[in-house]
Amino acid sequence: DGSLNPSRILTSQVQRFRLWSNSLTISRSRVLRAAPLALILMHALTGRLNRRSLLPTAVCTPGFGVKVDSRWASGDGGGGYKTRRKRARLGTRDNSRLPKFGAEDAIRDPWISNSGGNSNSSLKNANGKGKASKKTNQTDVVVAVLGCLHGELTQAYKAIRTASKMANVSVDLVLVTGDFQAVRNSADLASMSVPQKYRHLRDFHLYHSGRKKAPYLTVYIGGNHEASNYHAELPAGGWVAPNIYYMGHCGILRFGGLRIVGSSGIFNYHHYESNRMEEFPLKSNHLRSIYHVRESEIERLIQAANADSNEVDILLTHDWPRGVAEYGDIKDLLKRKPYFKAEVRNGVLGSPAAARLLNALRPRFHFSSHLHVKFAAEIPESVCLNHTNKTTGGESPVKRGRSTKFLALDKVLPGRGFLQLLSIEPNKTKNARTNTSTPLQLHYDPAFLQTLSNFYNGKDTKLVHPIIIPQNFEATAPSSLPDGMGPSPLPERTNPQALAMANLLGAEDMRYS
């Protein structure tokens with residue numbers, strides 16, 4: 001018709017540029033650097049360009065402020081050329097085009113869409129409108145739950161402060177569901193199982209050295225990206241910095257009337273039935289096996305948790321329990337994570353060990369992370385999650401009596417669903433506070449201490465009442481050594497906290513479990 005078609009003109013120009021660049025003897029990369037406009041046009045035409053990653057973007061997210069930083073701005077939309085090609089090949093969606101999460105979402109009940117009703121734990125009205133509601137009871141414990149931290153401790157605390165101000169509540173406890181990365185110095189980086197480009201100090205060393213102090217009591221479990229040499233000093237748990245407590249390979253704590261069970265690491269059937277035999281400095285095969293869950297730890301938790309008449313309020317695992325995706329909005333999950341389709345279809349998404357824990361303990365709440373997506377589900381009291389596996393001992397009996405609310409959280413990045421605030425009514429136990437003026441403290445669970453004592457020395461230590469965990473943090477390595485230091489072996493003197501635990505249990509060696 002004689003009219004000009006802009007798309008045809010653009011196509012022809014890009015094709016001419018390709019022929020011209022391929023005919024030259026100099027490297028193609030140098031030609032493309034000399035012609036950035038042509039490069040942009042070519043990548044836009046071939047679908048390889050993520051327009052959000054061209055320039056660093058100013059990001060304004062509640063709790064983070066305005067920050068010009070390509071690492072924080074890109075989220076899942078960045079990741080480099082190879083990552084974008086992989087995403088296109090797998091048919092994944094760019095998260096930058098999905099709805100963003102903010103402080104409003106952190107105080108809204110995540111289970112309303114699944115259950116169709118209200119939750120006693122929500123900090124916001126059921127319809128999501130109006131002012132945030134305060135705690136209904138003076139004994140309620142306000143808990144902030146975080147997903148994969150990846151060393152961004154300061155940013156996470158800022159987000160918690162923003163959300164708690166919006167909800168008009170004071171946070172009593174912070175729970176982190178793995179990938180905490182308690183890296184004290186560059187030597188700790190050598191024990192982390194991550195590619196070299198992701199080995200960064202971040203800001204934990206500031207809290208370890210005392211230059212910063214955690215504004216909230218923080219308790220965490222380990223994931224699959226941790227400073228393993230530091231965690232190996234505290235197999236039964238301990239303070240890694242003032243006001244920051246690690247639960248060990250597995251553990252049970254009491255806090256304000258809540259009973260909290262934690263299992264560190266992820267599932268791998270090759271090492272599930274084996275003992276912990278890793279030695280330092282870590283070899284390449286031990287760099288990963290050290291953070292794999294062991295069957296003996298799962299059995300220890302089940303035995304101790306069910307030996308006490310108090311129910312389990314909170315279960316922390318880094319892995320999702322296998323089969324939990326069926327009890328949430330699976331359509332929305334696959335929309336955000338399309339590459340989960342095959343695992344969901346084959347029934348292998350999640351950990352059989354975590355499912356076994358959920359079935360046997362039936363906690364009121366189960367928090368996880370690892371898969372970097374916020375996802376809520378509610379498992380009815382009559383349901384047993386399928387975890388049959390040759391390495392998990394088959395089906396375990398289901399503890400009847402109540403349903404479990406499951407929540408998985410994203411990694412700590414702006415606009416991601418990495419935070420949830422909940423107000424939880426505790427069980428009526430002796431260590432629950434009677435009013436808000438009573439300070440809350442962490443306690444050892446007596447049933448778990450008895451189980452540990454039997455494991456380490458074959459004797460039952462008769463403990464009836466919860467014991468307050470002493471504030472006995474002591475640094476065993478310097479903070480922030482110069483870059484380039486090699487891996488450090490386990491200190492010749494055992495961590496003083498491990499010695500204190502050994503004395504309490506009558507054990508000789510607390511390094512390995």
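Reader: Before any pair of helices is discussed, how are the axes and the angle between them defined?

Author: An axis is a line fitted to C-alpha atoms, for helices over the stretch in contact, and the angle runs from 0 to 180 degrees between N-to-C directions. Two packed helices are described by the angle between their axes and the distance between the axes. The model considered here is predicted. In it, helix α13 (residues 295-306) packs with helix α16 (residues 352-361) at an angle of about 10°, and their axes are 10 Å apart.

Reader: Are α13 and α16 roughly parallel or roughly perpendicular to each other?

Author: Angles under 35 degrees count as roughly parallel. The helices α13 and α16 are therefore roughly parallel to each other. On the α13 side, the contact is made by Glu295, Ile298, Glu299, Leu301, Ile302, Ala305 and Asn306. On the α16 side, Ala353, Arg356, Leu357, Ala360 and Leu361 take part. Sorted by class, this contact has eight nonpolar, one polar and three charged residues.

Reader: At what angle do α17 and α18 pack?

Author: The angle between α17 and α18 is about 90°, with their axes 9 Å apart. An angle of 65 to 115 degrees counts as roughly perpendicular, and α17 and α18 are therefore roughly perpendicular to each other. In this contact, Leu449, Leu452, Ser453, Tyr456 and Asn457 of α17 meet Met501, Leu504 and Leu505 of α18. The class count for α17 with α18 is six nonpolar, two polar and no charged residues.

Reader: Which residues of helix α18 are buried, and where do they lie around the axis?

Author: The general idea comes from helix geometry. An α-helix has 3.6 residues a turn, so residues three or four places apart point the same way. In helix α18 (residues 496-505), the buried residues are Gln497, Ala498, Met501, Ala502 and Leu505. These residues cover an arc of only 140° around the axis, which puts them on the same side of α18. Their cover includes β6 (238-241), β15 (442-444) and α17 (446-457).

Reader: Where does proline 321 lie, and what does it touch?

Author: Buried means under 20% relative accessible area. Proline 321, at 0% relative accessibility, therefore counts as buried, and its place is the loop between β10 (314-317) and α14 (330-336). Proline 321 touches Leu349, Gly350, Ser351, Ala354, Ala355, Leu358, His366, Ser368, Leu385 and Phe406, not counting residues up to four places away in sequence. Alanine 355 is 34 residues away from proline 321 in sequence and 4.2 Å away in space, C-alpha to C-alpha.

Reader: Is histidine 318 buried or exposed?

Author: Histidine 318 is buried, with a relative accessible area of 0%. Histidine 318 is found in the loop between β10 and α14. The C-alpha atoms of histidine 318 and alanine 408 are separated by 9.1 Å, while the residues are 90 residues apart along the chain.

Reader: Turning to backbone angles, what is the phi of asparagine 168, and what is that of aspartate 179?

Author: Asparagine 168 has a positive phi of about 60° although it is not a glycine. Aspartate 179, also a residue other than glycine, has a positive phi near 55°. Asparagine 168 is in the loop between α8 (153-167) and β4 (173-176), and at 46% relative accessibility it counts as partly exposed. Aspartate 179 lies in the loop between β4 and α9 (186-189), and at 2% relative accessibility it counts as buried.

Reader: How many helices and strands does the protein chain have, and what share of its residues is buried?

Author: The protein chain has 18 helices and 16 strands. Of its 513 residues, 54% are buried. Among contacts with a separation of 6 or more, 77% join residues 24 or more positions apart. The accessible surface of the chain comes to about 23,500 Å², and 51% of this belongs to carbon and sulfur atoms.

Definitions and conventions
Residues are numbered from 1 along each chain as its sequence is written. This is a predicted model: local features need pLDDT of at least 70, side-chain atom pairs count only at pLDDT 80 or more; totals for chains, interfaces and linings use all residues. Side-chain values use heavy atoms; hydrogens and water are left out. Helices (H or I, at least four residues) and strands (E, at least two) are DSSP runs, numbered from the N terminus. Buried means under 20% relative accessible area, exposed over 50%, partly exposed in between (1.4 Å probe, protein chains only). Contact means heavy atoms within 4.5 Å. Accessible areas come from the Shrake-Rupley method with a 1.4 Å probe; for residues, only the protein chains shown count as cover. Angles under 35 degrees count as roughly parallel, over 145 as roughly antiparallel, 65 to 115 as roughly perpendicular and the rest as oblique. Ala, Val, Leu, Ile, Met, Phe, Trp, Tyr, Cys and Pro count as nonpolar, Asp, Glu, Lys and Arg as charged, and the others, Gly among them, as polar. The arc is that of the directions from the helix axis to the C-beta atoms.
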